[in-house]
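Notes follow as I went.

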Amino acid sequence: MAATRLSFFLGIPALTGAGLYELKDAVGAGVGAVPLAVGTAVSFVVAYASIAWLLKFVAGHSFNAFVIYRIIIGTLLLALLATGALTA
């Protein structure tokens, strides 16, 4: 639980920096200040709610389903790459 919380806290500066870096492109592309502020606020609320839900989920459940999911997707990806159906 503590590791999960720490990983989210460590992501805050990186995401803030990336948002500030991209702000000049959003403003320069003709996006108005009001839509930009509303989009940022909605994104913050959704991200906060998602992280709160995930922290609760991790506290009460194991990672077994996630591990199985990753193994299945990884195996499928390797098979697709090996058969040439997907290129790297």
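Predicted model: local features only at pLDDT ≥ 70, side-chain atom pairs only at ≥ 80, totals over all residues.

**Pocket, then helices**

I looked up the largest pocket first: about 500 Å³ of space lies in it. (A pocket is an open set of points on a 1 Å grid over the protein atoms alone, where a 1.4 Å probe fits, with protein on both sides within 12 Å along at least five of seven lines; lining residues have an atom within 4 Å of a point. The volume is the space filled by probe spheres set on the points, which are joined across faces, edges and corners.)

Numbering runs from 1 along each chain as written, and side-chain values use heavy atoms, without hydrogens and water.

Next I checked the lining, which has 15 residues, with Ile 12, Phe 44, Ala 47, Tyr 48 and Ile 51 nearest the centre. H2 gives the largest share, eight residues. (Helices are DSSP runs of H or I, at least four residues, numbered from the N terminus.)

Then I turned to the packing. Thr 4, Arg 5 and Phe 8 are among the H1 residues that meet H2, where Ile 51 and Leu 54 are among the partners. (Contact means heavy atoms within 4.5 Å.) I found H1 passing H2 in a right-handed crossing (near helix turned clockwise from the far one by less than a right angle).

Key: Helix = DSSP H or I, 4+ residues; strand = E, 2+ residues; numbered from the N terminus.
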